[in-house]
Amino acid sequence: MFSSRTNWNRTPNRLSEALARRRAAGLEILDLTESNPTRCGFAWDADALFDALRRLEIADYRPEPRGLEEARSAVRGYYADQGIAIEDEQIVLTASTSEAYAFVLRLLTEPGDEVLGPAPSYPLIQYLADLHDVTLSHYPLLYDHGWTVDAATLESSVTDRTRAVIAVSPNNPTGSYLGDRECKRIRRLAAEHGIALVVDEVFRDYSWSESARPPASTVTVEECLTFTLSGLSKVSALPQMKLGWIVVSGPAALRDEALGRLEVIADTYLSVSTPVQVAARSLIEMRAKVQEGILRRVRGNLAELDDILSGSRCSRLQGEAGWYAVLRVPNTRGDEEWALDLIEKEGVYLLPGHFFDFPGEGHLVISLISPPEAIHSGCKRLVRNAN
Ligand SMILES: Cc1ncc(COP(=O)(O)O)c(C=O)c1O
């Protein structure tokens with residue numbers, strides 16, 4: 001009856017079972033995984049949200065496959081504010097960044113083709129690959145006082161079925177940007193092999209450093225066909241609004257062909273709601289205040305984390321940006337055992353590294369937008385459990 005591509009193992013894993021047991025027993029849970037920004041206790045400007053939507057145009061349906069002109073121009077404005085010049089014509093709106101990935105995979109691949117993606121990284125990419133009958137091959141990110149792309153392995157992983165290299169910059173959960181030099185090398189590789197570059201920049205604005213500039217956005221890449229993905233879910237911390245986008249750049253003929261085909265894919269679904277497009281400019285403009293609050297939380301939690309971990313048997317791996325931290329814990333038990341012990345004995349919920357394809361054991365992942373009290377008590381209990 002059902003396709004093999006949807007034959008997922010859906011039995012709950014041991015960690016979610018332990019969490020459910022604790023919840024059912026009404027016991028305390030310190031959740032260090034919460035990364036839904038609408039649930040992390042940030043103060044929302046309700047009036048600004050209502051005002052953004054309180055416009056008569058939301059009653060009018062203008063099915064524009066690439067997105068309404070004013071919404072695409074608002075996305076262009078987001079880049080212009082950073083001194084980055086792109087054209088409205090390079091932009092295709094989607095209902096989310098995840099949908100943006102789906103459209104790009106549909107555009108580029110035949111069943112059985114391959115895309116190369118980083119490991120460790122966010123599990124979403126594997127599901128998207130499965131749903132599009134594409135093989136996701138991993139290229140490693142290596143850690144040595146910071147993360148770098150294993151460029152030699154990436155280069156040797158390209159086969160005649162490879163259609164795209166995916167990069168997440170900054171990556172979830174390692175928090176590492178794709179550096180300018182790394183990006184240049186990947187662009188050259190993509191151009192040489194006639195494959196596309198797909199870069200997920202959803203967390204780009206969340207640099208932990210107050211002074212260092214993030215590497216260049218890929219929206220202006222010229223030498224290879226490039227799809228840069230982002231969206232309101234992180235840019236304005238409004239995942240419920242469901243607005244993402246693809247910026248297409250690269251050699252003109254390829255770029256225009258890609259845009260023409262993406263338009264037909266988008267026209268097939270017309271999935272972006274009119275209200276969010278009408279509100280897009282205001283919602284994008286809201287980001288300054290929202291990002292400031294989130295960055296204050298992230299930087300505060302990082303400082304607290306480092307303070308608690310100092311002198312303990314646990315440490316934090318270096319990162320540069322985003323909403324996650326990777327913790328290194330003694331390799332005395334597997335990641336999953338660590339996560340299970342912490343939920344069962346200490347009531348602390350965090351994620352084992354194997355969810356993100358970390359090489360080897362000893363990695364745990366926490367969300368840095370978690371409420372500070374949860375980070376404080378949860379990390380103290382982690383350290384206690386490690387000693
Ligand atoms: C790196 C990365 N890309 C994309 C997404 C999905 O974003 P959206 O909600 O816009 O689909 C996430 C969600 O957490 C993410 O971490």
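In this predicted model, 8 strands form an open sheet of mixed pairing, in the order S2-S9-S8-S7-S6-S3-S4-S5. Its edges are strand S2 (91–94) and strand S5 (147–149), each of which pairs on one side only. On average, neighbouring strands of this sheet are turned by 25° against each other, direction ignored.

Ile-91 stands opposite Val-247 in S9. Two helices pack on the sheet here, and their directions can be given relative to the strands. Helix H3 (residues 69–80) touches S2 and S9, and its direction makes about 110° with that of S2. Helix H9 (residues 252–269) also touches S2 and S9, with its direction at about 155° to that of S9.

**Domains and their contact**

The domain assignment of the chain gives domain 1 as 13–43 + 288–386 and domain 2 as 49–285. Their C-alpha centres lie 27 Å apart. Domain 1 gives 26 residues to the contact and domain 2 gives 28 residues. On the side of domain 1 that touches domain 2, the elements that give two or more residues are helix H11 (287–309) and S11. H11 supplies the largest share of that side, with 7 residues. The residues of this side of domain 1 divide into 16 nonpolar, 7 polar and 3 charged.

An open sheet of 4 strands has the order S10-S11-S14-S13, with antiparallel pairing. Strand S10 (315–316) and strand S13 (351–352) are its edge strands, each pairing on one side only. Strand S11 (residues 324–328) pairs with strand S14 (residues 363–367) in the antiparallel sense over 5 bridges. The bridge partner of Arg-328 in S14 is His-363.

Helix H1 (residues 14–24) and helix H12 (residues 335–346) have axes that come within 10 Å and cross at roughly 0°. H1 is therefore roughly parallel to H12. From H1, the contact is made by Arg-14, Leu-15, Ala-18, Leu-19 and Arg-22; from H12, by Glu-336, Ala-339, Leu-340, Ile-343 and Glu-344. By class, this contact of H1 with H12 has 6 nonpolar, no polar and 4 charged residues.

**Ligand shell**

The ligand is surrounded by 13 residues, of which the closest are Ser-96, Thr-97, Ser-98, Asn-172 and Ser-233. The shell around the ligand has 5 nonpolar, 7 polar and 1 charged residues by class.

**Backbone features in loops**

Most residues other than glycine have a negative phi, and most peptide bonds are trans.

| Cis peptide bond | Omega |
|---|---|
| Ala-119 and Pro-120 | about 5° |
| Asn-172 and Pro-173 | about 10° |

Pro-120 is found in the loop between strand S3 (114–119) and helix H5 (124–131). Pro-173 has its place in the loop between strand S6 (162–168) and helix H7 (180–193). Asn-172, which a cis peptide bond joins to Pro-173, is also one of the closest residues to the ligand.

Lys-242 is not a glycine, yet has a positive phi of about 60°. Lys-242 lies in the loop between helix H8 (232–235) and strand S9 (244–249).

Notes
Residues numbered from 1 in each chain as written. Predicted model: local features only at pLDDT ≥ 70, side-chain atom pairs only at ≥ 80, totals over all residues. Pairing = 2+ DSSP bridges. Axes fitted to C-alpha atoms, helices over the stretch in contact; angles between N-to-C directions. Parallel < 35°, antiparallel > 145°, perpendicular 65-115°, else oblique. Contact = placed C-beta atoms within 7 Å. Nonpolar A, V, L, I, M, F, W, Y, C, P; charged D, E, K, R; others polar. Domains from an automatic or database assignment. Near = placed C-beta within 6 Å.
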